[in-house]
Amino acid sequence: MNHKDLIGQIVATYHKHGWQLHRVVLLPETHAEISNLLELTGNVPVDHGIVDALWFTRPSHGDREAWELRLIAETPYALFEIFEAGISEEDKETAKQEMEDRLGRFTNRSASETSH
């Protein structure tokens, strides 16, 4: 399955469960491969990163906010974090960057294990 179809399926599944797409993170080569992301992502920012992933968010209990970083892959894999209401945007961005780094390490480790 190509990245564009996979992104469309993942976004549809998450929307069905109340999640909103917040940001798309793509490897530069994946970004170059996908010609028009606007039909899939609307006005959501698309950034270059160390992994192909989608950021989703939705409200959580007690004025908290749930964030999920979903790997763009046929096998579902995601990292999840809940942020308290008073957390600064800077602290939230730091935590989200750490999640992207962890997902990048996971995908690099998984790729090296399957190549042996």
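Residues are classed by relative accessible area as buried (under 20%), exposed (over 50%) or partly exposed (in between), with a 1.4 Å probe and protein chains only. The model is predicted, so local features need pLDDT of at least 70 and side-chain atom pairs count only at pLDDT 80 or more, whereas totals for chains, interfaces and linings use all residues. Residues are numbered from 1 along each chain as its sequence is written, and side-chain values use heavy atoms, with hydrogens and water left out.

**View 1. Salt bridge between Glu84 and Arg64.** The side chains of Glu84 and Arg64 form a salt bridge with an N to O distance of 3.7 Å; the term denotes a side-chain nitrogen of Lys or Arg within 4 Å of a carboxyl oxygen of Asp or Glu. Glu84 belongs to the loop between β5 (78–83) and α4, and Arg64 to the loop between β3 and β4 (65–71), so that the pair links distant parts of the chain, 20 residues apart. Helices (H or I, at least four residues) and strands (E, at least two) are DSSP runs, numbered from the N terminus. Arg64 is partly exposed at 27% relative accessibility, and Glu84 is likewise partly exposed, at 49%.

**View 2. Salt bridge between Glu93 and Arg23.** The side chains of these two residues, Glu93 and Arg23, meet at 3.6 Å, N to O. Because Glu93 lies in helix α4 (residues 89–114) and Arg23 in strand β1, the pair ties together parts that are 70 residues apart in sequence. Arg23 is buried, with 13% relative accessibility, while Glu93 is partly exposed, with a relative accessible area of 33%.

View 3. Glu89 and Lys92 form a salt bridge of 3.4 Å, N to O. Both residues lie in helix α4, three residues apart, which is about one turn of the helix. Glu89 is exposed at 52% relative accessible area, whereas Lys92 is buried at 8%. Salt bridges with shared partners also join Arg23, Asp47, Glu93, Lys96 and Glu100 into one network. The whole structure contains seven salt bridges.

**View 4. Nonpolar cores.** A nonpolar core is a set of buried Ala, Val, Leu, Ile, Met, Phe, Trp, Tyr and Cys residues joined through side-chain atoms within 4.5 Å. The largest comprises 15 residues, and Leu21, Leu54 and Phe56 have the most contacts inside it. At least two residues of this core come from each of α1 (3–16), β1 (20–26) and β3 (53–59), with α1 giving the most, five residues. Apart from this core lies another, of eleven residues, including Val25, Ala53, Leu69 and Phe83.

**View 5. Surroundings of Leu54.** Contact means heavy atoms within 4.5 Å. With neighbours within four places in sequence left aside, the contacts of Leu54 include Ile7, Ile10, Val11, Leu21 and Val24. Arg23, Glu68 and Arg70 are also among the residues in contact with Leu54.

**View 6. The open five-stranded sheet.** Five strands are arranged in the order β2-β1-β3-β4-β5, with mixed pairing; two strands pair if DSSP finds at least two bridges between them. β2 (46–48) and β5 stand at the edges with a single partner strand each, so one side of each has no neighbour in the sheet. β1 and β2 pair in the parallel sense over three bridges, and Val46 in β2 is the bridge partner of Val24.
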